[in-house]
Amino acid sequence: MPVALRCLTTQSDISGAFLFLLASLVAINFYYCRITYRMLRETVSLRLENETLVEHLQEERDRAQTADRAKTRFLAAASHDLRQPIHALSLLVSTLAVLGQRGDVPSGEARDLASRAKSVVSNFSGLLNALLDISRLDAGIVTVASEAVPLRDLFGDLRNEFAAEAKQRGLRWRVVDSGLYVDSDPMMLKRILNNLVSNAFRYTKQGGVLLGCRRRGACVEIQVLDSGPGIPADQQGMVFEEFVQLQNPARDRTQGLGLGLAIVRRTAELLGHPLKLASTSGRGSLFSITVAKAGAVQARLAVDTTSPVSSAAGIIVVEDEGDVLDAMVRLLSLEGHRVYPGRSAGEARKAHAAALAAGDAPVDLIIADYRLENDTTGTDAIRALHAHIGRVVPTIIITGDTSPSRLKEISASGSRILHKPIADEELRETIAAVCFAGKATSGDKR
């Protein structure tokens, strides 16, 4: 500025040139200052973004490590619990084989061994079903069907279901009735409460269990209170994890599998019902779930109990394991069904074609294992068989898969899913549900 003032006050021939140079210098300085400012701002912004990204990556890393540890613990516990019933069943079969080698097996011992084997298989199936419930919730294939649920009916069912267990354990079992209605999926809500009450009875040695509810504004808090040992504050978050049993370090199967509360938590999240735990060591625990209130509804229409058109069906069975296929054919035949079996879709087509050439060969249902030979699936076999018979019939896919992605894939095919091992009652009921229900509503169209 002093130089500029001197140039302006001095009448010299070079004053104009100096003023031009000064103006150029100022412009250049402002230009580079602007560039430097932008670079500095971008540097600071990138630094802040990098710090945020590092924090996010650290959180993701911690989450991944936690998930990896949980997966390792889950697999270790599942492996142990799966091996136990298989080991027990192996010993029972070996015992039966030894008795058979010595001569005819006494009927009493045979009945005892059969009863024990059935109990082991039941425990094994319970574990697999619990694992399946976890996988179905993870796969997102569980559909919520909300409706107005009367708590009086729900509580009455639970009172009757646990009355015998309460008597056997010598515990008080009290249910406080309510005339309120809540908005929820009735089957899922009952399963949540069933798990909570079952868990309360399992860990309560003396005293009793109470089921009731309290109004919470526009909601209802359903509570399960027990007089058990309680849960320390620092361990209350752990009880909702898979295979965690604080009072069962030896993993005694009579005390459950450690999956009930994990299923409760995930089901409650799916339904949008907040779950709460309040407990004090030595003074019992209170588990509660909060559900929105619903208005009273009229009684549901009576279910049509019209008998199906026929008690037998024509069934195509596709199973690549010979022993399983033979057992399935024998069971279905004893039930009165007409069976067209095959280890592949091609063999099943030939069996049906041979039956058709001999006379009438109706097809009402297709049952297929999911994993078949030559990298084919049950859905592939079903498509081929639909093309063979020229129309779409009800289908059942049997699988031992518990992968969430696989369950989602099978569910998308529209087939009913059955999971191994299958009890004869379950198979019979499923066949009636998917086959005879359609015949009763649409006529016996074959």
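Biologist: Hi! What should I know about the model before we start?
Modeller: The model is predicted, so local features need pLDDT of at least 70 and side-chain atom pairs count only at pLDDT 80 or more, while totals for chains, interfaces and linings use all residues. Residues are numbered from 1 along each chain as its sequence is written, and side-chain values use heavy atoms, with hydrogens and water left out.

Biologist: Thanks. How many helices and strands does the chain have?
Modeller: The chain has 11 helices and 12 strands. Helices (H or I, at least four residues) and strands (E, at least two) are DSSP runs, numbered from the N terminus.

Biologist: And what share of the residues is buried?
Modeller: Of the 446 residues, 36% count as buried. Buried means under 20% relative accessible area, exposed over 50% and partly exposed in between, with a 1.4 Å probe and protein chains only.

Biologist: On to charges. How many salt bridges are there?
Modeller: A search of the whole structure gives 11 salt bridges. A salt bridge is a side-chain nitrogen of Lys or Arg within 4 Å of a carboxyl oxygen of Asp or Glu.

Biologist: Which residue does Lys276 pair with?
Modeller: Lys276 pairs with Glu221, and their closest N and O atoms are 3.3 Å apart. Lys276 lies in strand S6 (residues 275–279) and Glu221 in strand S5, so the pair ties together parts that are 55 residues apart in sequence.

Biologist: Is Glu221 buried or exposed?
Modeller: Glu221 counts as buried because its relative accessibility is 2%. Lys276 is partly exposed at 46%.

Biologist: What does the side chain of Gln223 make with Glu221?
Modeller: The two side chains make a polar contact at 3.5 Å. That term means a pair of N or O atoms within 3.5 Å; within protein, one must be able to donate a hydrogen and the other to accept it, and residues adjacent in sequence count only if both atoms are side-chain atoms. Gln223 is in strand S5 (residues 219–226), and Gln223 counts as buried at 14% relative accessibility.

Biologist: Last one: where is Phe20?
Modeller: Phe20 is also in helix H2 (residues 15–101), and Phe20 counts as exposed because its relative accessibility is 58%.
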